[in-house]
Amino acid sequence: MKNSIRSIRSKLTFGVISLAVLASLLTALFTFFYSFKSAYRLQDDILQQTAYFINEESQQPDLALNNHDNRIFIQNQHTDPQLDYFITDLEQYDQGFHTINKDRKKYRFYIKQLENQKIAVIFDESEFRDEIVRHSILLSTIPVLLFILLIVPLVIWIVWRSMLPINRLSRSVQQRSENNLTALESKQVPQEMQGFVSAINQLLSKVDGSMRQQKRFIADASHELRSPMTALSLQAERLIRQQQLQGNAREQANALNQGIQRIRHLLEQLLSLARVQIDESQRQQSAVSLLGIYRRVLEDLLPLADDKAIDIGLVSDTDQMIFANESEIYTLIKTICENAIIYVPHGGQIDLSLRCDEHWVMLEIDDNGSGIPVEERQQVFAPFYRILGNGQQGTGLGLAIAETIVKRYQGTIELNDSKRFEHGLNVLIRLPNGLLTEGC
């Protein structure tokens with residue numbers, strides 16, 4: 001089925017224009033037939049009025065008979081057989097209106113009875129009728145054409161204006177982030193759409209309640225598990241430091257401690273995911289220095305990078321101020337950098353850079369690790385998805401958290417081959433230039 005058939009706008013436009021054209025045509029036909037009938041009545045009135053002024057003394061039969069170029073002419077009764085009468089025998093007609101056909105033309109005449117004879121007032125009906133027809137066609141067609149030329153753009157404009165609130169509502173829904181479940185604005189929506197908008201708002205309210213419950217459960221569970229996991233971690237470290245543990249027992253204690261650390265890291269990321277999914281109304285935004293965020297992340301992750309002898313640092317000193325939630329931007333950059341440190345081999349390198357153009361602020365993190373296969377670069381954004389065979393024990397939540405934050409700002413995140421190294425990964429984050437508090 002074509003879109004034009006399903007479109008309410010197309011249906012309304014086609015229906016109203018069709019109705020207007022049909023009404024115009026009917027009006028034109030009515031005007032034509034009414035004008036035509038009026039011409040007949042006018043013709044009869046002329047004949048009757050002309051006959052009224054004729055009497056015995058005013059007749060000029062010779063002039064009348066030779067005056068066929070005129071539309072109206074008069075014939076009286078004669079007995080001279082040499083005269084070519086238009087009507088051969090007036091006696092056979094009664095007083096009043098009559099119609100005859102002569103030389104393939106139709107004539108209308110009126111018979112008047114005088115004292116001694118009958119008089120015929122004859123009208124050349126075909127020429128008169130043709131003139132009336134031409135006049136009626138012009139009179140009925142030109143207004144219809146003008147009306148159609150005016151009504152078509154007017155109907156299209158009215159329908160377009162009437163559909164504007166629906167189009168605005170559609171655009172506002174399309175521009176929403178996936179976490180924005182607030183009720184749709186219904187004040188400017190047409191009355192016919194109020195029920196639909198109300199039903200959508202009820203559905204959004206139910207979905208929002210369900211999402212809140214799930215997020216609260218994840219956040220509460222992660223928070224409640226942090227304390228016992230921290231206690232277990234401390235106990236495992238104390239156990240490892242004891243001198244009595246030797247050989248296999250110490251190895252098992254180290255494995256236990258590593259497992260606890262992975263669980264603690266997973267809980268931290270679950271809490272981060274829950275935080276970045278909070279409602280828009282609960283987020284506090286302010287002017288944030290991206291260069292300052294870079295430096296904070298480097299300070300926090302430097303010990304982790306030193307453990308693997310990774311060279312991590314800034315390759316540009318450009319700074320940009322954006323209007324955003326500082327905690328979210330910090331979590332975004334820290335998550336990407338932390339992932340890079342985890343997956344880059346010992347002695348690797350990670351470069352952070354910042355630039356912008358008239359449309360985007362671009363944050364880039366390049367590393368010289370093994371990268372991500374092209375066919376898996378979209379799948380890794382799914383929660384808990386991990387690439388097999390890389391020898392690392394990640395949680396699979398880092399890129400999901402990063403994508404959630406980026407989408408909140410209507411930005412994009414891309415994974416490409418490294419631009420600075422022969423092999424590795426380039427993470428390109430684009431944030432809209434509209435977030436800038438200072439231009440590029």
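**Helix H8.** I began with helix H8, residues 326-343. It has 18 residues and reaches 26 Å from its first C-alpha to its last, close to the 26 Å expected at 1.5 Å a residue. I note here that the model is predicted.

Next I looked up how covered H8 is. I found 13 of its 18 residues buried, so I wrote down "mostly covered", with buried meaning under 20% relative accessible area. Then I checked the N-terminal end. Asn325 caps H8 there. A side-chain oxygen of Asn325 lies 3.2 Å from the backbone nitrogen of Ser327. I also looked at Tyr330. Arg296 lies over the face of this ring, at 4.3 Å from the ring centre.

**The whole chain.** I stepped back for the totals. I counted nine helices and eleven strands in the protein chain. The chain has 440 residues, and 40% of them count as buried. The accessible surface comes to about 26,800 Å². Carbon and sulfur atoms hold 55% of that surface. I then turned to contacts between residues at least 6 apart in sequence. Of these, 65% join residues at least 24 apart.

**Aromatic rings.** How many aromatic pairs does a search of the whole structure find? It finds one. The partners are Tyr93 and Phe109, and they sit edge-to-face. I noted 5.2 Å centre to centre and 85° between the planes. The pair links distant parts of the chain, with its two residues 16 apart. Tyr93 is in the loop between strand E1 (72-76) and strand E2 (96-102), while Phe109 is in strand E3 (residues 105-113). Are Tyr93 and Phe109 buried or exposed? Both are buried.

**His98.** I stayed in this region and found His98 in strand E2. A polar atom of its side chain lies 2.7 Å from the backbone oxygen of Asp94. I left aside neighbours within four places in sequence and listed the contacts of His98. They are Tyr93, Tyr107, Arg108, Phe109 and Ile111. Both partners of the ring pair, Tyr93 and Phe109, are among these contacts of His98.

**Ile148.** I moved on to helix H4 (residues 125-174), where Ile148 has its place. Ile148 has a relative accessible area of 21%, so it counts as partly exposed. The cut-off for buried is under 20%. Ile17 is 131 residues away along the chain, yet its C-alpha is separated from that of Ile148 by 8.2 Å. Leaving aside neighbours within four places, Ile148 is in contact with Val21 and Pro153.

**Helix H9.** I looked up residues 398-408 next. Helix H9 is mostly covered, with nine of its eleven residues buried. Among the buried ones are Gly398, Leu399, Ile401, Val406 and Arg408.

**Positive phi.** Just after H9 I came to Gln410, with a positive phi of about 55°. Gln410 is not a glycine. It lies in the loop between H9 and strand E10 (412-417). Its relative accessibility is 47%, so Gln410 counts as partly exposed.

Ala309 has a positive phi of about 55° and is not a glycine. Where does Ala309 lie? It is in the loop between helix H7 (290-307) and strand E6 (311-314). With a relative accessible area of 41%, Ala309 is partly exposed.

Conventions
Residues numbered from 1 in each chain as written. Predicted model: local features only at pLDDT ≥ 70, side-chain atom pairs only at ≥ 80, totals over all residues. Heavy atoms only, no water. Helix = DSSP H or I, 4+ residues; strand = E, 2+ residues; numbered from the N terminus. Buried < 20%, exposed > 50% of the residue type's maximum accessible area, 1.4 Å probe, protein only. Contact = heavy atoms within 4.5 Å. Areas by Shrake-Rupley, 256 points an atom, 1.4 Å probe, with all protein chains shown as cover. Phe/Tyr/Trp six-rings, centres within 6.5 Å; stacked < 30°, edge-to-face > 60°. Lys NZ or Arg CZ within 6 Å of the ring centre and 35° of its normal. Expected span 1.5 Å × (residues − 1). Polar contact = N/O pair within 3.5 Å; in protein donor to acceptor, adjacent residues only side chain to side chain.
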